[in-house]
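Take a look at the model below.

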Protein chains: 4
Amino acid sequence: MHILTLQCPDQPGIVASISTALLEFGANILENAQYDDPATNTFCMRTRFESPMEDDDEIAGKLALRARSLHADLRVRREDRQPRALILVSKYDHCLIDLIYRWNVGELGADIALVVSNHGDLGDTVAHYGIEFAHLPVTTETKAEAEEALLDLVDRHRIDIVVLARYMQILSGGLCAQLAGRAINIHHSFLPGFKGARPYHQAWQRGVKVIGATAHYVTADLDEGPIIDQDVARVWHSHTPEQLAIIGRDIERVVLSRAVKAHAEGRVFLLGDRTAVFA
Amino acid sequence: MHILTLQCPDQPGIVASISTALLEFGANILENAQYDDPATNTFCMRTRFESPMEDDDEIAGKLALRARSLHADLRVRREDRQPRALILVSKYDHCLIDLIYRWNVGELGADIALVVSNHGDLGDTVAHYGIEFAHLPVTTETKAEAEEALLDLVDRHRIDIVVLARYMQILSGGLCAQLAGRAINIHHSFLPGFKGARPYHQAWQRGVKVIGATAHYVTADLDEGPIIDQDVARVWHSHTPEQLAIIGRDIERVVLSRAVKAHAEGRVFLLGDRTAVFA
Amino acid sequence: MHILTLQCPDQPGIVASISTALLEFGANILENAQYDDPATNTFCMRTRFESPMEDDDEIAGKLALRARSLHADLRVRREDRQPRALILVSKYDHCLIDLIYRWNVGELGADIALVVSNHGDLGDTVAHYGIEFAHLPVTTETKAEAEEALLDLVDRHRIDIVVLARYMQILSGGLCAQLAGRAINIHHSFLPGFKGARPYHQAWQRGVKVIGATAHYVTADLDEGPIIDQDVARVWHSHTPEQLAIIGRDIERVVLSRAVKAHAEGRVFLLGDRTAVFA
Amino acid sequence: MHILTLQCPDQPGIVASISTALLEFGANILENAQYDDPATNTFCMRTRFESPMEDDDEIAGKLALRARSLHADLRVRREDRQPRALILVSKYDHCLIDLIYRWNVGELGADIALVVSNHGDLGDTVAHYGIEFAHLPVTTETKAEAEEALLDLVDRHRIDIVVLARYMQILSGGLCAQLAGRAINIHHSFLPGFKGARPYHQAWQRGVKVIGATAHYVTADLDEGPIIDQDVARVWHSHTPEQLAIIGRDIERVVLSRAVKAHAEGRVFLLGDRTAVFA
């Protein structure tokens, strides 16, 4: 089984062109989703097909001419070659453990290659699951150096997705640019409400009746990146900020893993500051 | 703008065939959704396109050969020619008034042609909105006759959808068969829980913490038809059956109107006892 | 049946004092809820009881001494004497019609005494339900005068609650102060996100995956008043701002009516910028 | 801090009696919730208070006379003496791991004293967290014996709550009776829909659009016990039964832990086949 994703300026004949090409080498489409975004005039397509030809590059080669004529970003990958993820954590472990659990039972959609932390605390937990762990301390002085080291790990481990699973460090603009479109953060509020620090305390003070969490691509503008997924839970006046944090953890876990899975399965398309996410 | 829906046995080349045909007469696809159901080996497709050729029959003619060779049920309609709905009600008016409101502001997706009731009570309300009302009393003795009269109204008004908006009568097997796939009922429970009469009382007695409503196609098996949409709301132990009914009304309204809209826009595909509903 | 609400500085013995007093004149408590807010050191209590003594003032008299010694704001009213509501609207009618529907079937908890609008458009709709309608045009020049007239209506009609049901005018600071704690607004976003104008367009631009609505007390700070209720709905990338508005209307209706009902039934307590709302 | 729970036939003066008694020995009420169930004529009360007298038995002694005259089941416990839980599992580990995680960070409300399984598979996982594990195989022949052994463990470990965390064995009527009101099961459907085996497959076949999970007290009638909590998630036609199970796991985890916490904190009251659960 293969996953094809395509993004290009809208124009007539895209579906016909690609589906005909797939048919020509004997592929059979099992899932197909398109979206034509009027705001950016961009066409997005995701196709899942079985093919007698198994090699990704060979298939991509068959489609290259058409992709070029459509000015399309076209990608093909075997469904069983899952993207490789690097997870960044600090001390909070609930998202990390959840991601590892889902990876372990095969429902994450991505392969966890490495966990990196600015603290050593979670090393044992990670080791227990047989995942490599790198301790990369960050201070104001060493930040540039640490980010270099991180990028080096990204390269050496051929990382496709960087997941900030409650990583309490702000990435530099340069690093954000380098990881554009492949770094996903979970923010523990229903953005755009309560950006920045201590969102559950902010939520408590504003007296909201529903709290939430947001998974988004990382950009240089803090908590402003394109949103991939969000969810919420009802809360009561009697909840303290600490209890909001407990309830919120359940939302964070689910939203982050859904976002990672959607991205890993090629369901997320960037449309400027927005995303299209195919169900 | 046009809506094409197609349902046929799965086989390679469907998307290529239809999208190429559309391209040939200059149509441009704006939305396209497919689903290939493994359980029934059925392929479903919905395409929204703009076309220089405006006439539905002419377009259908251009696609007829391909449809035949795919053994497909293929339909095309201009988006601005909304399906015509007949609404059946008894005395409860909350769903009726909601459907009328949405129709009035143009968000229902269907055109309300006629309201039929076994009681006369809602005649004035319906008249206030300038919609035709027919009072069709039903007793055990007159049931067959009344159903004949109803079918006659369906024909004369060229009705596409019959909506049972809390209609308190059970349709005969014969009528269900005649309206198969084009009659939608709202049941005031989260099916398959609490079929039959007084579901809010049943829910209260079972002590559920969440209640719901279900919109489904009408079949001869009561409350067993293919489900189109469902939704729920949280309730508390202090709620009486009457309060459950009040909360439930809000769910019924939203679920029924969503189901009617989805059906009217060609988003619902029947797959045996199940449905596929495109977002 | 009677409703007692009490708010006072926290101190030992409040429950014992009030429940003993109720017992003394033969009242029987059917519902009782308390909340002790640590942040403001405020105690809130709502009690529903049946009493052989029927007169509100007489009951309040029996409790007056104890209330005074607790420095409490204590109120008693017969449950069947519903608060009187004035509804402010402009041209959008979905919340208005919903409030009227619920009032009509007896589920609103408040009595709609009057509808006031800066436009004449909805006069006929309101008249159809036998509710008094006042057309009070507002221009920059006449704003002060119009607000005077509004306050006059509030007084003359002995209004307890002013409901801004998508009223497109900003109230002056003076009017907000006069109506403090008894004016409820519906804002069509999930506050604190998307304050101010065109929140559905703002939501679309930010690319959120969930939209919402917020009912709050009106204060001089626009969209910053204490929140009474909120709710949300999931949306998709394919939704236009107009479709968000359609989906949002269903949330607005439900959230506003829930807030009005909670306030009318004495379930809402103001705690600085927050509220406690008893289920 | 102490938790008092009381359940008795409804009668005037209960709140006054108990709150006065608490005041007499200097207790200060911080939370108080009551519910008077009209269907069973039962009064339920939960009070959280701080007290200069710290010993549970001493406090209970002070209240004993009043409790007796009210024919009340009255219990008092120090909030920091959490109920002791025994968790029953088979091979599915998602609920177990979730319960352990919450216990580990102190948010479960109960103390996990022991995990018992009819399989040995999860022994290592449980040991990793320093929790005692007992392997208690069950066959048709040894069932009676195994249940004896289980009851013995319940006694020896002074267990307050038995949690069936996807335990794939049906308890005998005798064991159900012994554990009445203190054994909580998670069923992976939205009861009363889809009782019995393979509920996600049943749900898929019925084509529901929302799936759920239910935490309930264990009774001899399978999946018929009083419901403590339920929750749901929206699903799509494209989801296979296996994908429903993945989505369902997230609901199961949250619903079971919420039910255990509510029970452990004394928030759940049994009212025949229903429960009252205080927020």
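In strand β7 of chain A, A:Ala134 is the bridge partner of A:Val116. This is a predicted model: local features need pLDDT of at least 70, side-chain atom pairs count only at pLDDT 80 or more, and totals for chains, interfaces and linings use all residues. Residues are numbered from 1 along each chain as its sequence is written, chains are lettered from A and ligands numbered from 1 in the order in which they are written, and side-chain values use heavy atoms, without hydrogens and water.

**The sheet in chain A**

Strand β6 (residues 111-117) of chain A runs parallel to β7(A), and three bridges join them. Strands are DSSP runs of E with at least two residues; helices are runs of H or I with at least four; both are numbered from the N terminus. Two strands pair if DSSP finds at least two bridges between them.

Both strands belong to an open sheet of seven strands in chain A, with the order β7-β6-β5-β8-β9-β10-β11. Its pairing is mixed. The edge strands are β7 (133-135) and β11 (227-234) of chain A, and each pairs on one side only. On average, neighbouring strands are turned by 20 degrees against each other, direction ignored.

Two helices lie across strands of this chain. Helix α3 (residues 94-104) of chain A lies across β5 (84-89), β6, β8 (161-164) and β9 (183-187) of chain A, at about 160 degrees to β6(A). Helix α5 (residues 143-156) of chain A lies across β5, β6, β7 and β8 of chain A, at about 155 degrees to β5(A). Axes are lines fitted to C-alpha atoms, for helices over the stretch in contact (heavy atoms within 4.5 Å). Angles run from 0 to 180 degrees between N-to-C directions.

**Two domains in chain A**

Chain A is divided into domain 1 (2-78) and domain 2 (84-277). These bounds come from an automatic or database domain assignment. The contact takes 14 residues from domain 1 of chain A and nine residues from domain 2 of chain A. The domain centres, taken over C-alpha atoms, are 30 Å apart.

Which residue forms a salt bridge with A:Asp37? The partner is A:Arg274, with the closest N and O atoms 3.3 Å apart. A salt bridge is a side-chain nitrogen of Lys or Arg within 4 Å of a carboxyl oxygen of Asp or Glu.

**Comparing the interfaces**

Buried area is the accessible area (1.4 Å probe) that two parts lose on being put together, summed over both.

| Pair | Buried area | Share on carbon and sulfur atoms |
|---|---|---|
| Domain 1 and domain 2 of chain A | about 810 Å² | 53% |
| Chain C and chain D | about 1,400 Å² | 54% |
| Chain A and chain C | about 2,800 Å² | 59% |

Chain A and chain C share four salt bridges. In one of them, C:Asp229 meets A:Arg234 at 3.0 Å, N to O. The largest share of the side of chain A that touches chain C comes from β11(A), with seven residues.

Between chain C and chain D the count is zero salt bridges. The rule does find six residue pairs in polar contact there, both residues at pLDDT 80 or more. A polar contact is a pair of N or O atoms within 3.5 Å; within protein, one must be able to donate a hydrogen and the other to accept it, and residues adjacent in sequence count only if both atoms are side-chain atoms. β2(C) gives the most to the side of chain C that touches chain D, with seven residues.
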